[in-house]
Amino acid sequence: MNNSTKIYLPIIVALAVVSGMYLGQWLNYPEKAASTSANQKFSRFINYIDQSYVDEVNTDSLVEVSLQSILKQLDPHSTYISSLNYDQVQAEMRGDFVGIGISFFTVNDTIAVINTIPNGPSDLAGILPGDRIISANNKNLITTTTDSIFSILKGKPNTPVKLKVKRANQKRLLDFSLLRKRVPLKSVDAGFMLNDSLGYIKLNRFSETTYSEFKAKLNQLQPKNPKGIIIDLRNNGGGYMKEATDILDEFLSDETLMVFTKNKEGQVNKRYATSYGEFEDTDVYVLINEKTASASEVIAGAIQDNDRGLIIGRRSFGKGLVQREMKLGDGSAVRLTVARYYTPTGRSIQRPYDAGTEDYYDDYQNRYVNGEMKFKDSISVNKKLQYKTPKGKIVYGGGGIIPDVFVPIKDTQIEKDIKFMFEGGVMSRFMFNQLDQHRDYYNALSESEFLSSDLITYKMIEDFENYLGDFSMSYDFDSSINKLKIYLKASMAQQLFDDNLANQIIVHHDLMIKRLLQLKSN
């Protein structure tokens, strides 16, 4: 296993766990009470420990450990969420949080604003990228921990915050008064015309706001009359199934089966497309990879099984279990698997987990060593789980969505590391320091000026190599200089403009996009 793969594993596991949390939210299966004897046995055991055990014991912690241990015996995606983490998980899946609307770094013990969320409280108040927030409501933020900063800046809607801000070239601190508001957490990273005929939309998860965000991007593209829409679901671990099926409804004709679920009693819940789709005659292309999971696989499976479009990329994760949230009364909750979902042809794409969670994730890791990331023929399929689409195409269940058009990983190790530095934030912090040296110049650039300017100089690349050296990372980027310049400029675009522009810079050099354009030209 290479170092890049090891780094990604915790992210992959987290995505797979979170992905199914809300897939069961539109189901209405009745809850059954656990057996009385089991309840009494567990409760009596905890009481014995609480009352009679020789040492002082935190029985709440024991219960949490017990819950986690029990859930591990069930399946890889049933999970426990503590009361401490519950609000954060809810905010991510709700698609917003209450705060002042900034992203920031802690730089030299001060809060440095990377950028403000458009039309958020800080943006409307006039706070700028590069500003340093010194205090909030008379509480000094210098040397304050990141967790404490979040708790200070977040709060209830419409509650006031008074900030003192240090701005470059200003001798005195600036005072700002603003109200905390609900600030969106974007689940759609980008939406733009790739060329004269193809629109491109990238989704990072499925939260409560995903369909409305996706629809807004479609509405922006519609006047440009795209002949095809690319839906990029790479690295998308899933989320709300309803948001996924609402998106599918835009592309599938009335009464087309999108997905169905089945619970332990055999009860089937089917979801069909309606007549409201506005892109039912538009070509559809879905990009997937090994980190595409859950609700993302619902979309890919429905498009593939209905012969509606092309699936391009690599085999998806293989997660077909539906979780539903069940609160435990103390602010914590469990996400319990209550059903399985099936694609329209009737296939389950859930990978086997009979041998336990560790084996389940080892099976995933084996993809990096068995050759399937580079050769389609190395993908293992279960011939007994073979299905046919209406047009006769053979598809397989039992282990993720296999793409119609396979695109291997061709990046060198250095190129993989460059991408990880971009996605993991290493590049972002470096770029903030670079921009901070000439803030007025960079902030004055228009989008067209930014795109046409050669802003990534060899001096900046040398600075980046030295920056990595400070963290004991040694690189010679000569062999991958073009890839590095692309991602450095995308990182700059994120901070000066937005993710949309950053993705425009990256996507034109993307192997899957290049493969799609090649298919279109033939």
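These notebook entries record what I looked up in a predicted model.

**Entry 1: strand β13.** I began with β13, which covers residues 257-262. I found that 5 of its 6 residues are buried, so the strand is largely enclosed by the rest of the structure. I then looked up its pairing. Strand β14, residues 268-272, runs antiparallel to β13 and is joined to it by 5 bridges. Within this pair, K262 has V268 of β14 as its bridge partner. I noted that β13 and β14 form a hairpin with 5 residues between them. In the turn, G266 has a positive phi of about 85°. Strand β18, residues 333-342, is also antiparallel to β13, with 3 bridges joining the two. Here I recorded T261 opposite Y341 of β18.

Entry 2: I next checked backbone angles, since most residues other than glycine have a negative phi. I found a positive phi of about 70° at N138, which is not a glycine. N138 sits in the loop between β5 (132-136) and β6 (139-140). Its relative accessible area is 77%; because exposed means over 50%, N138 is classed as exposed. I also noted N169, another residue other than glycine, with a positive phi near 70°. N169 belongs to the loop between β7 (160-166) and β8 (174-179), and it is exposed, with a relative accessible area of 71%.

**Entry 3: a charged patch.** Which residues form the negative surface patch? I listed D50, D55, E56, D60 and D330. Of these I followed E56, which lies in the loop between α2 (36-52) and α3 (59-72). E56 counts as exposed because its relative accessibility is 82%.

Methods. Residues numbered from 1 in each chain as written. Predicted model: local features only at pLDDT ≥ 70, side-chain atom pairs only at ≥ 80, totals over all residues. Heavy atoms only, no water. Patch = residues over 30% accessible without salt bridge, like charges linked within 9 Å, V, L, I, M, F, W, Y side chains within 5 Å. Areas by Shrake-Rupley, 256 points an atom, 1.4 Å probe, with all protein chains shown as cover. Salt bridge = Lys/Arg side-chain N within 4 Å of Asp/Glu carboxyl O. Lys, Arg positive; Asp, Glu negative; His and termini not counted. Charge placed at Lys NZ, Arg CZ, Asp CG, Glu CD. Helix = DSSP H or I, 4+ residues; strand = E, 2+ residues; numbered from the N terminus. Buried < 20%, exposed > 50% of the residue type's maximum accessible area, 1.4 Å probe, protein only. Pairing = 2+ DSSP bridges.
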